[in-house]
Amino acid sequence: MSDTRYPAEGPRTAIRPFTLGDADEFTTRARESIALHRPWLFPPTTPDAYAAYAGALIDDPTRAGYLVCERGPAGGPGDGAIAGFININNIVAGAFRCGALGYGGFAHATGRGLMSEGLGLVLDHAFGPLGLHRLEANIQPDNEGSIALVRRAGFRLEGYSPDFLHIDGAWRDHERWAITAEMR
């Protein structure tokens, strides 16, 4: 799968930026994963919603979106299949050099370690070529899978924020997790 479209590659995954051409595969995977994502996450499930979502990631310099893609035999099963996504939002440069993570894995990829590897690739890319110093992940306390993902990646729990984000019609409490370049 070694390809210039992939800014980082691992043994089983590679990350690449979103494209508008990913709409069909992404929305199909999102629809297949509704039971996994709810009530924490609501990725786009229609082509129009995907176009708006991906367009914002592509066009907004304060955001960087990455698809976590499976690696397999060149041209074979799984090669390039989208396993999930990891976005860096609210990127601030200057003395802060920080961003906020948002992510989700798709149901067909759960329990295989693909998102853990993909998150490691995004962290290396964020702390390397992107020049960030700190990344934060705000996670609802009952989202055990998401907490386990950032814990495995070396994030530390920094606090608790009541009524932090408006999700699914209500203000939701979140735990604040963070990692810095020095922690990698």
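Predicted model: local features only at pLDDT ≥ 70, side-chain atom pairs only at ≥ 80, totals over all residues.

**Helix contact, sheet, pocket, backbone**

Let me start where two helices touch: A23, F26 and T27 in α1 are in contact with P47, Y50 and Y53 in α3. Sorted by class, the residues of this contact are five nonpolar, one polar and no charged.

Two packed helices are described by the angle between their axes and the distance between the axes. Here α1 covers residues 23–32 and α3 covers residues 47–59. Their axes are 10 Å apart and the packing angle is about 110 degrees. An angle from 65 to 115 degrees counts as roughly perpendicular, so α1 and α3 are roughly perpendicular to each other.

Next, the sheet. In what order do the strands of the open sheet run? The order is β1-β2-β3-β4-β5-β6-β8-β7, eight strands with mixed pairing. β1, residues 8–9, and β7 are the edge strands, and each of them pairs on one side only. Helix α4 packs on this sheet and touches β1, β2, β3, β4, β5, β6 and β8. The direction of α4 makes about 30 degrees with that of β4.

Stay with β8, residues 170–180, for a moment. On one side, β8 pairs with β6 in the antiparallel sense, over six bridges. With β7 the pairing of β8 is also antiparallel, over eight bridges. Which residue of β8 is the bridge partner of I139? It is E175, and E175 is also the bridge partner of Y160. Further along, I167 has A170 of β8 as its bridge partner. β7 and β8 form a hairpin with two residues between them. In that turn, D168 has a positive phi of about 55 degrees.

On to the pocket. Rolling a probe the size of a water molecule over the atoms shows where empty space is left. The largest pocket has a volume of about 1200 Å³. Its lining consists of 47 residues, and those nearest the centre are L41, Y103, G104, N143 and S146. By class, the lining has 23 nonpolar, 19 polar and five charged residues.

Which element gives the most to that lining? β5 does, with eight residues. Other elements that each supply at least two residues include the helices α2, α4 and α5 and the strands β4, β6 and β7.

Last, two backbone details in loops. The peptide bond from R38 to P39 is cis, with omega near 10 degrees. P39 is in the loop between α2 and α3. In the loop between β4 and β5 we find R97. The phi of R97 is near 40 degrees, which is a positive value in a residue other than glycine.

To recap for the discussion: α1 and α3 pack at about 110 degrees, α4 packs on the sheet, and β5 gives the most to the lining of the largest pocket. That is the end of my part.

Key. Residues numbered from 1 in each chain as written. Heavy atoms only, no water. Axes fitted to C-alpha atoms, helices over the stretch in contact; angles between N-to-C directions. Helix = DSSP H or I, 4+ residues; strand = E, 2+ residues; numbered from the N terminus. Parallel < 35°, antiparallel > 145°, perpendicular 65-115°, else oblique. Contact = heavy atoms within 4.5 Å. Nonpolar A, V, L, I, M, F, W, Y, C, P; charged D, E, K, R; others polar. 1 Å grid on protein atoms, 1.4 Å probe; cavity = no way out; pocket = protein on both sides within 12 Å on 5 of 7 lines; lining within 4 Å. Points joined across faces, edges and corners; volume = space filled by probe spheres on them. Pairing = 2+ DSSP bridges.
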